[in-house]
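Work through the exercises below with the model open. Try each task before reading its solution.

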Amino acid sequence: MFVDEVTINVKAGDGGDGSVGFRKEKYVPRGGPNGGDGGDGGDVYMEADSNLSTLLDFRFQRKYEAPDGVNGASRDMNGKGADDLVLKVPIGTVATDLSNGKVVADLTKAGEKIRILRGGQGGRGNSHFSSSTLQAPKFAENGEPGQELTLKLELKLLADVGLIGYPNVGKSTLIAGISAAKPKIADYPFTTLVPNLGVVRVDEERNFVVADIPGLIEGASEGIGLGHQFLRHIERTRLLVHLIDVSGLTGRDPLDDYAIINRELEAYNAKLSQLPQIIALNKIDLADPEIVKLYQEELSTEGRQVFLISAATRQGLEAIVYECATRLAELPNEPEPVDETVMITVDTMAQRRRDRRWDAIYDSGNNIYIVSGPGMERVVAMTNMDNEAAVERLQKTIEKAGVINKLRALGAKQGDSVRIGKIEFDFYDEDAEVPRSKKASDDDDDEYED
């Protein structure tokens, strides 16, 4: 089964929790804290595999999770980092974040591998928080939650030449005549329900890949027929061969067919209408030669080459194959990316701790103050809300960062609701030392530093 579009949910692994521990050894009166760090959660990668040709496997499994890091332990034992998760996809797969429409991966080469999600970093054990004024810290950090996305995977075939035209104009017959592909061929519209790929061998040194794009009719760009499902596959091609049935058996005007298909290409993506085209007037063995000549002269006025062929009898196929090879040699050989890819940055623990960006707003519709930003959300997410000492540290961090003053400036009063990440608090004035959590969630987010 050919599957070229699926939606999946992917989550990187959570970091392991840091440990709270103290040395208790005989003859060692001042052991001190020795809680170990949690291990990092697994990242999620996407890799192009030349052995795959469809996204079928992703239809049956829609949720993928990388393993979590192992929790730290006492005696300064750090938890083990988790293995990464690698999702193998066909060459030409594009992964798009459904929350914002941004492309996070565009894999056009065999073996190409891109990190699409970052695993959470392990929480620090209490040994990191000892100081001259806090010699026995009784708290550690929770592991950072791994990133999570809902992705739309689209397969855009990597072919050099795309065959376009109305249903039943002979595209399947042509690809069968010039390559080893064995598509279904029958005398009724929409015989081809999936794109067919074939390798055309020109000579000992030259060959190219051709794709039969099915289902294009008027309104295809708006979802009519099957074309809206397969127009994406033309985006990767470098050259189009536009087949037109001139037999007169369809009852349609060949020139109208030609204009309609080109309008659909432009409506779907303006870049498609700019791709170089070769026009092939097919089924000339069934047509009136004089009428065919008139069509050829009319279409030649656009400056495009027009070939007369009969895919069924293989008349004129050699000439169009050599023309395709010649044109391809003059065109760039690298597929153009569908969009700018958003790369997942590789940053260190120290860099992430220094990330202190945040902002605060008042959501009047929900009557709540919202503090957002990767740094502030991280420190809240990595705080153990069940540990009083950890919450005290969180309060000091929030005050030091200026969040309390900002909320006061926005009009926050004692008892108002404040949300940071997925945690919601009551707002307290200066006299309150510890914020009381209204709701603690296990699906936290980021981290901070004193």
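**Exercise 1. The largest core**

Task: Find which residues have the most contacts inside the largest nonpolar core, and which element supplies the largest share of this core.

Solution: 
- Step 1. The model is a predicted one. Its largest nonpolar core holds 37 residues.
- Step 2. Val161, Leu174, Phe208, Val210, Ile234 and Val241 have the most.
- Step 3. At least two residues each come from strand 9 (161–164), helix 2 (171–178), strand 11 (207–212), strand 12 (239–245), helix 4 (254–268), strand 13 (277–282) and helix 7 (317–330).
- Step 4. Pick the main contributor. Helix 7 gives six residues, the largest share of this core.
- Step 5. Take Phe208 as an example. Leave out neighbours within four places in sequence; its contacts then include Val321, Cys324, Ala325 and Leu328. Asp160, Val161, Gly198, Val199, Val200 and Val202 complete the list.
- Step 6. Look for a second core. A separate one has 27 residues, among them Val10, Phe58, Ala66 and Ala105.

**Exercise 2. One tyrosine**

Task: Decide whether Tyr295 is buried or exposed, and list what Tyr295 touches.

Solution: 
- Step 1. Locate the residue. Tyr295 sits in helix 6 (residues 289–300).
- Step 2. Apply the cut-off. Buried means under 20% relative accessible area. Tyr295 has 18%, so Tyr295 is buried.
- Step 3. List the partners, not counting residues up to four places away in sequence. Tyr295 touches Val246, Asp253, Pro254, Leu255 and Leu281.
- Step 4. Check one pair. Tyr295 and Val246 are 49 residues apart in sequence, and their C-alpha atoms are 8.3 Å apart in space.

**Exercise 3. A helix pair**

Task: Describe how helix 9 and helix 10 pack.

Solution: 
- Step 1. Two numbers are needed: packed helices are described by the angle between their axes and the distance between the axes.
- Step 2. Read them off. For helix 9 (residues 374–381) and helix 10 (residues 388–401), the angle is about 165 degrees and the axes are 10 Å apart.
- Step 3. Classify. Angles over 145 degrees count as roughly antiparallel. Helix 9 and helix 10 are therefore roughly antiparallel to each other.
- Step 4. The crossing of helix 9 with helix 10 is left-handed.
- Step 5. Name the contact residues. Helix 9 brings Met376, Val379 and Val380; helix 10 brings Leu394, Thr397, Ile398 and Ala401.
- Step 6. Sort them. Six are nonpolar, one is polar and none is charged.

**Exercise 4. The whole protein**

Task: Give the number of helices and strands, and the buried percentage.

Solution: 
- Step 1. Count elements. The protein has eleven helices and 19 strands.
- Step 2. Take burial. Of the 450 residues, 49% are buried.

Notes: Residues are numbered from 1 along each chain as its sequence is written. This is a predicted model: local features need pLDDT of at least 70, side-chain atom pairs count only at pLDDT 80 or more; totals for chains, interfaces and linings use all residues. Side-chain values use heavy atoms; hydrogens and water are left out. Axes are lines fitted to C-alpha atoms, for helices over the stretch in contact, and angles run from 0 to 180 degrees between N-to-C directions. Helices (H or I, at least four residues) and strands (E, at least two) are DSSP runs, numbered from the N terminus. Angles under 35 degrees count as roughly parallel, over 145 as roughly antiparallel, 65 to 115 as roughly perpendicular and the rest as oblique. A crossing is left-handed if the near helix is turned anticlockwise from the far one by less than a right angle, and right-handed if clockwise. Contact means heavy atoms within 4.5 Å. Ala, Val, Leu, Ile, Met, Phe, Trp, Tyr, Cys and Pro count as nonpolar, Asp, Glu, Lys and Arg as charged, and the others, Gly among them, as polar. Buried means under 20% relative accessible area, exposed over 50%, partly exposed in between (1.4 Å probe, protein chains only). A nonpolar core is a set of buried Ala, Val, Leu, Ile, Met, Phe, Trp, Tyr and Cys residues joined through side-chain atoms within 4.5 Å.
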